[in-house]
Amino acid sequence: MLIDFFYHLRTQKLLVSVKEYLTLLEALSSPIMPPTLEDFYYLARTTLIKDETLFDRFDRAFASYYRSLEQKLPAGKKIPLDWLVAELEKRLTPEQKAELEKHGWDKLMEMFKERLEEQKGRHQGGSKWIGTGGTSPFGNSGTHPEGIRVGGTGGSRSAVKVWDERNFKDYDDSIELGTRNFKVALRRLRRFAREGSDFELDLGDTIASTARNAGYLDIKMVPERHNNVKVLMLLDVGGSMDDHISRVEELFSAASSEFRNLEVYYFHNCPYEHLWKSNRRRQMERFETWDVLRKFNADWRLIFVGDATMSPYEILQPGGSVEHYNKEPGAEWLQRMVNAWPKTVWLNPEPQASWQYRQSISIIRNIVQDKMFPVTVSGIEQAMRLLSK
């Protein structure tokens, strides 16, 4: 089967070598991955494709090969789809979703308190009680334009509050594969200076000095050049950002190697009165946002990285944070940051075509003066050009 796969890739103009094919077989013979289609896809792409510009071509070749195999498999017993998802994920049309009532902040909080007092047990489906599925504004795995998620995972990502402890992971700054294009884009933001001891060869001065000394070699050294731009990066983490971990890790890794003066803090959905540097210790080691505002002067460039996808209450409402009570709205903290660092951009990993459908994205774009760019090579290049002015 894998020999056919090898020749199939070659017919799709992917120049896979025999050595790379043998590397794939060797990896498959070792117990380094579970036997799933997704893990095989990533292993095959890593071992066979060395140029990330060919990833899209590999994806198409892999998909066509898998479809040809799928057609040869015997038909199995089909489980009705509605048995699996009807109660857990209501597939409503946009018109049906629009018919669901939005209660507003105060009424929503009051209704939640009433449900807690009235409800005596677990509930599934429906439009009133705290449970799973259904169109109630309370619970999880259902559909409602705004609500309070109790446990579970997010669906429509419009929760106003989340009654559940969540653990976030730091972004990995050691990711190398796929960062090359991001590095090239980030280099648009450069301001070089020579600092430190003399340990880099000055070729031009060495040639000139040697010529002046009648051909006797006279080596000249200069301090190494460094990108002297100072960058403050605030990274949204957790929740809806879990969908973008891979791309943000690549961006973070590229920034870590390109910017010598880089300071990184985390926030969730919207910055409030605290930021943190380690997600594992975010409840114990927090930094006052006021202290961060005072610590870094206006020479620093501020880069937000986040999908800006949340309930509008999280930005506009005191107490709107899904995880704690914030005395001041997130919009006020964002405005303070934009005022403190005039050179500010927001990088958004959400597809740009979907921005117009997110009210929270529109609000944040307005606060950052429309300086929001997609996390693509061209988007990052535009952002870096703006920051370099």
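In which sense do strand E7 and strand E8 pair, and over how many bridges? Select residues 230-236 for E7 and residues 261-267 for E8. The two strands pair in the parallel sense, over seven bridges. Bear in mind that this is a predicted model.

**Stop 1: the strand pair**

Stay on E8. This strand is mostly covered, with five of its seven residues buried. Side chains in a regular strand alternate between the two faces of the sheet. Now pick out Asp236 and Phe267. Aspartate 236 stands opposite phenylalanine 267, which belongs to E8.

**Stop 2: asparagine 269**

Move along to asparagine 269. Its place is the loop between E8 and strand E9 (274-276). Is asparagine 269 buried or exposed? Asparagine 269 counts as buried because its relative accessible area is 7%, and the cut-off for buried is under 20%.

Show what surrounds asparagine 269. Apart from neighbours within four places in sequence, its contacts are Asp236, Thr309, Met310, Glu314 and Val322. Asp236 is the residue that stands opposite Phe267. Next, select methionine 241. Along the chain, methionine 241 and asparagine 269 are 28 residues apart. Their C-alpha atoms are separated by 8.6 Å.

Check the backbone too. Most residues other than glycine have a negative phi. Asparagine 269 has a positive phi, near 70°.

**Stop 3: glutamine 369**

Go to glutamine 369. This residue is not a glycine, yet its phi is positive, about 60°. Glutamine 369 sits in the loop between helix H14 (359-367) and strand E13 (372-374). Its relative accessible area is 52%, so glutamine 369 counts as exposed, the cut-off being over 50%.

**Stop 4: a nonpolar patch**

Select Val18, Leu22, Leu25 and Leu28. Together they make a nonpolar surface patch of about 320 Å². Leucine 28 lies in helix H2, which covers residues 18-29. How accessible is leucine 28? Its relative accessibility is 32%, so leucine 28 counts as partly exposed.

**Stop 5: confidence**

Finally, colour by pLDDT. The mean for the protein is 76, and 66% of the residues reach 70 or more. Select residues 83-93. Here pLDDT stays under 50, and the model has 19 contacts beyond four places in sequence for this stretch. Then select residues 173-177. This stretch also has pLDDT below 50, with 11 contacts in the model beyond near neighbours in sequence.

How values were computed: Residues numbered from 1 in each chain as written. Predicted model: local features only at pLDDT ≥ 70, side-chain atom pairs only at ≥ 80, totals over all residues. Heavy atoms only, no water. Patch = residues over 30% accessible without salt bridge, like charges linked within 9 Å, V, L, I, M, F, W, Y side chains within 5 Å. Areas by Shrake-Rupley, 256 points an atom, 1.4 Å probe, with all protein chains shown as cover. Salt bridge = Lys/Arg side-chain N within 4 Å of Asp/Glu carboxyl O. Helix = DSSP H or I, 4+ residues; strand = E, 2+ residues; numbered from the N terminus. Buried < 20%, exposed > 50% of the residue type's maximum accessible area, 1.4 Å probe, protein only. pLDDT = per-residue confidence, 0-100. Contact = heavy atoms within 4.5 Å. Pairing = 2+ DSSP bridges.
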